[in-house]
Amino acid sequence: MATAAAKAPLTERVIEMAAIFMIGDGLLGLTQTERHTELWKERALGAERTVRPFVGRPGRRRLYALVQVAAGLALAARQRG
């Protein structure tokens, strides 16, 4: 049976992966706003609903991108032991 100490590295890796995803997606949303939104607005395995508020609203997407990057960095910063 796994102990809490043995599970910690897996949990830390999952959190780190989430932070990496948030930062990367945020940077793409910030630098390639329209292309990134277009990519996910149709036939995107359920992501269409998430993207809908940003279609035709690049400023809104850029603001969300900044929030994503900041949240990802904050999440990664919490990982410091």
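Student: What should I know about the model before we start?
Tutor: In this predicted model, local features need pLDDT of at least 70 and side-chain atom pairs count only at pLDDT 80 or more, while totals for chains, interfaces and linings use all residues. Residues are numbered from 1 along each chain as its sequence is written, and side-chain values use heavy atoms, leaving out hydrogens and water.

Student: How many helices and strands does the protein have?
Tutor: Helices (H or I, at least four residues) and strands (E, at least two) are DSSP runs, numbered from the N terminus. From that end, the elements run α-α-α-α. The total is four helices and zero strands.

Student: What is the radius of gyration of the protein?
Tutor: This value is taken over C-alpha atoms, and the globule rule is 2.2 Å times the number of residues to the power 0.38. The C-alpha trace spans about 50 × 25 × 15 Å along its principal axes. A compact globule of 81 residues would come near 12 Å, but the protein has 16 Å.

Student: Which residues of α4 meet α2?
Tutor: Contact means heavy atoms within 4.5 Å. On the α2 side we find Thr33, His36 and Thr37. Their partners in α4 are Pro58, Arg61 and Arg62.

Student: How are α2 and α4 oriented to each other?
Tutor: Their axes, lines fitted to C-alpha atoms over the stretch in contact, with angles from 0 to 180 degrees between N-to-C directions, come within 10 Å and cross at roughly 90°. Angles under 35 degrees count as roughly parallel, over 145 as roughly antiparallel, 65 to 115 as roughly perpendicular and the rest as oblique. The two helices are therefore roughly perpendicular.
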